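Trainee: I would like to understand how the terms used for a structure follow from its values. Could we go through some of them together?

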Amino acid sequence: MPELPDVEGFRRFFRAHALGKTVRSVSADPAILRGVTPAALGRALHGRRFEEPSRVGKWLTCWTDGPALLFHFGMTGSFVWSAADGGPERHRWDRLTLVLAEGGELRYRNMRKLGGVWLAHDQHEVDDILATLGPDAFAVTGSQFIKLLDHRRGGVKAALMDQSFIAGIGNILADDILWQARIHPKRRIQTLTSEERQRLSATIRSILRQAVESDDFMLLKRPRLGQVRGEPGAACPRCGTPLARTVTAGRTTYFCPRCQPDIP
DNA sequence: TTGGTTGTTATTAT
DNA sequence: AATAATAACAACCA
């Protein structure tokens with residue numbers, strides 16, 4: 001599922017293929033566009049040149065020398081590049097295709113229709129779309145995060161997944177982070193010791209850094225919960241204890257009952 | 001055929 | 001007011 005490291009990969013991908021390139025034409029599935037029609041999007045982007053794309057949380061903002069395109073990848077979104085000569089054919093789930101004047105097509109593919117594509121005409125409109133997001137989970141400093149925790153009550157996993165609290169962490173990453181930091185997902189934030197808060201902060205930074213650098217989170221060599229989650233009879237990669245399964249904020253949650261004891 | 005999956009939003013409850 | 005729980009959305013897979 002696209003979480004922060006995946007979207008950071010999409011940012012680099014977009015940059016590698018579209019930076020400095022000019023839009024010749026756009027074709028779009030209206031079902032994936034938010035607040036703009038395919039025709040209006042085509043008019044807004046025609047002849048525009050892409051500038052440096054930026055990311056906050058799971059959102060990607062692709063600026064041109066005019067308006068900006070914003071992407072959210074939902075649970076199944078990705079980018080596909082098709083070179084001018086011999087690239088892959090268009091696919092039924094390619095919801096948006098940017099045909100570039102210099103050759104090639106950059107496609108936004110999304111099997112389902114969660115997520116979407118927005119058009120913003122200026123910085124103010126971009127800010128409006130991203131207004132509810134908390135600070136980016138990878139950009140936030142340790143002391144900023146500790147301060148955020150001071151003002152948050154309730155379950156720790158629910159907070160990590162709350163995009164308005166901190167942006168970029170989804171269900172899979174949250175489980176991995178809490179397992180690595182040895183904190184039970186349902187621990188109340190008020191009950192976390194300052195040592196645990198520090199450990200949580202450091203773990204977020206370390207896991208996100210490795211995930212972003214590895215380019216492919218699933219290939220990370222370090223022991224991770226994500227390597228075994230979902231397997232029948234899954235055991236903790238650290239101690240071999242059978243993993244426990246529960247539901248938090250409506251999402252399946254795996255944790256090690258031995259490494260992550262529940263302290264009320 | 002049914003249930004499970006996941007990110008976000010909306011709604012309702014605490 | 002803030003947090004929690006739940007359903008809804010979409011579409012595939014087992």
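Trainee: What makes β7 and β8 a hairpin in this predicted model?

Mentor: Four residues lie between β7 and β8 in the hairpin, and the two strands run antiparallel, joined by five bridges. Two strands are said to pair if at least two bridges are found between them, so the five bridges between β7 and β8 meet that requirement. In the turn, G103 has a positive phi of about 110°.

Trainee: How do you know that β6 and β8 pair?

Mentor: The reasoning uses the same cut-off of at least two bridges: β6 (residues 77-82) and β8 have six bridges in the antiparallel sense, and therefore they count as paired.

Trainee: Why is strand β8 called mostly covered?

Mentor: A residue is buried if its relative accessible area is under 20%, and five of the six residues in β8 (residues 105-110) are buried, so the strand is described as mostly covered.

Trainee: What makes the approach of K58 to DNA strand B a polar contact?

Mentor: A polar contact needs a pair of N or O atoms within 3.5 Å. A polar side-chain atom of K58 lies 2.9 Å from a phosphate oxygen of DNA strand B, so the pair qualifies. R112 also qualifies, because an N or O atom in its side chain is 2.8 Å from a base oxygen of DNA strand B.

Notes:
Residues numbered from 1 in each chain as written. Chains lettered and ligands numbered in written order. Predicted model: local features only at pLDDT ≥ 70, side-chain atom pairs only at ≥ 80, totals over all residues. Heavy atoms only, no water. Buried < 20%, exposed > 50% of the residue type's maximum accessible area, 1.4 Å probe, protein only. Polar contact = N/O pair within 3.5 Å; in protein donor to acceptor, adjacent residues only side chain to side chain.
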